[in-house]
Amino acid sequence: MVRSIKNPKKAKRKSKKGDGSSSSSSIPSMPTKVWQPGVDNLEEGEELECDPTAYNSLHAFHIGWPCLSFDVVRDSLGLLRTDFPHSVYFVAGTQAENPDWNSIGIFKISNVSGKRRELVPSKATAGDSDMDADNSDSDSDEDSEDEEEGGSAAPVLQLRKVAHGGCVNRIRAMIQNPHICASWSDAGYVQIWNFSTHLNALAESETEVPRGGSSVFNQAPLFNFKGHKDEGYAIDWSPRVTGRLVTGDCKSCIHLWEPTSGATWNVDATPFTGHTASVEDIQWSPTEDHVFASCSVDGHIAIWDARLGKSPAISFKAHNADVNVLSWNRLASVMLASGSDDGTFSIRDLRLLSPKSEEDKSLVAHFDYHKRPITSIEWSPHEASTLAVSSSDNQLTIWDLSLEKDEEEEAEFKAKTKEQVNAPADLPPQLLFVHQGQKDLKELHWHAQIPGMIVSTASDGFNILMPSNIQSTLPSEGA
């Protein structure tokens, strides 16, 4: 379960980015040791420092109150963008201390700078400029050669706020019409919003929001559904049928929304039922108009076909604890990923599911790397075998399921880098990257139009990151 930030404090600007997945940049006097979060302990006086050479881009920002959920808003700036600096649009819902203080933030981050880095540096990288947005520029010739593409100035935040009744449990932007967003309130209702005016204003303006935020607009939603019996978190727009929506609540009920003319929706009053506890997450099939998957506190995943009635077509025990999140692979539609309260996440091949068999033969991979609940999981929109996972252990991890341990390749890499690295033998070979520095991670999303970019939200704000070792997902220049 582990979902809400119910007693938050307003985020404050940090003078330094925070932790990273690598230790100090000082030259070691002994072979380097891989520090494992959750396994190794820091000695008194020790602290982790961010290694900027591990990232093509890394920036931190906040919009005031913590946000439990956000979504990337698709834009018209290009379907596949690889050149820095980047501009990105988001919507996010706050978790304010007072219910009346909540809002939905519609915001643009521009001048997201970065630098393409070589996996095996051809020269020493000690002079690399820190990617933190707070760092000052350097005037030296050596540093200027290593300056981030697009300049080293801080990203520019432009923010508009719309008042929202209660905390926002989850928010999603429609894929086909990104200015249309759906929000789940902890007050128990789901609302549909039209944010076109705000997005257009952000696109036309380059003025940064003054520290302290912006004015809050009072805007009526397009549609307000109060038919759920309790608050909820599960919500997803169909990637295939424009305007079709499905929502699930903490009373185990799921409602299907069908769009009608005049910017309104018909919500089926009779819910889909089959789970015995809270529905935590929902995902539409990337290939079937009427099929969606749901996961629940009851430990089960259910596959539904809206044409076949209100009961699941298939339901199976997926984890030994609450199933918090799931993600349906849009590049390999037979693969479904799920994350649990016990810190494990699993990958299933839906072709191996059988409604007549009590034995679950669909499990193709199971990982127990994380030691705290999984809070978000999402397949890469550009690499079918890659996915990102966040956990309450304050780690965001990236995995490539196509990788296997190759001792010859490891030896060749060590020879090129001329380093000795005592990597733990039990470290999963599929683990590509570990990002740290955020507290109480809640949700992550890949940017569908900027290959390699991940955005995450936590109790202390947002991170935009582009790890350098997943640049293979980027199209080659001129492609």
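Predicted model: local features only at pLDDT ≥ 70, side-chain atom pairs only at ≥ 80, totals over all residues.

**Charge, burial and pairing**

Biologist: Is E408 buried or exposed?

Modeller: The relative accessible area of E408 is 69%. The classes are buried (under 20%), exposed (over 50%) and partly exposed in between, with a 1.4 Å probe and protein chains only. On that scale, because its value is 69%, E408 counts as exposed.

Biologist: In which helix does E408 lie?

Modeller: Helices (H or I, at least four residues) and strands (E, at least two) are DSSP runs numbered from the N terminus. The run that holds E408 covers residues 407-417, and it is helix α3.

Biologist: Which residues gather with E408 in a patch of negative charge on the surface?

Modeller: A patch takes residues with over 30% relative accessible area and no salt bridge; like charges are joined within 9 Å, nonpolar side chains (Val, Leu, Ile, Met, Phe, Trp, Tyr) within 5 Å. Asp and Glu count as negative, Lys and Arg as positive, while His and the chain ends are not counted. A charge is placed at CG of Asp, CD of Glu, NZ of Lys or CZ of Arg. The residues that gather with E408 are D406, E407 and E409.

Biologist: How many salt bridges does a search of the whole structure find?

Modeller: Side chains of opposite charge can pair when their charged atoms come close. The criterion for a salt bridge is a side-chain nitrogen of Lys or Arg within 4 Å of a carboxyl oxygen of Asp or Glu. Applied to the whole structure, the search gives a count of 10.

Biologist: With which residue does R172 form a salt bridge?

Modeller: R172 is buried, as its relative accessible area is 12%. The closest N and O atoms of the pair are 3.3 Å apart, and the partner is E443.

Biologist: How many residues apart are R172 and E443?

Modeller: The salt bridge between R172 and E443 links distant parts of the chain, with R172 in strand β7 (residues 168-173) and E443 in strand β29 (residues 443-446). E443 also counts as buried, because its relative accessibility is 5%. R172, E443, R170 and D281 are linked in a network of salt bridges.

Biologist: Which side chain meets that of E258 in a salt bridge?

Modeller: E258 is found in strand β14 (residues 254-260) and is partly exposed because its relative accessible area is 26%. Leaving out residues up to four places away in sequence, E258 touches T264, W265 and N266, among others (contact means heavy atoms within 4.5 Å). At an N to O distance of 3.0 Å, its salt-bridge partner is R244.

Biologist: How far apart in sequence are the parts that the pair of E258 and R244 ties together?

Modeller: In the salt bridge of E258 and R244, E258 lies in strand β14 and R244 in the loop between β12 (232-237) and β13, so parts 14 residues apart are tied together. R244 counts as buried because its relative accessibility is 10%. The sequence separation is thus 14 residues.

Biologist: What is the N to O distance in the salt bridge of K310 and D268?

Modeller: K310 is partly exposed, as its relative accessible area is 27%. D268 is likewise partly exposed, its value being 28%. Their side chains meet at an N to O distance of 2.3 Å.

Biologist: Is N111 buried or exposed?

Modeller: N111, found in strand β5 (residues 103-112), has a positive phi of about 60° although it is not a glycine. Because its relative accessible area is 18%, N111 is buried.

Biologist: Which residue is joined to F84 by a cis peptide bond?

Modeller: The omega of this bond is about 0°.

Conventions. Residues numbered from 1 in each chain as written. Heavy atoms only, no water. Areas by Shrake-Rupley, 256 points an atom, 1.4 Å probe, with all protein chains shown as cover.
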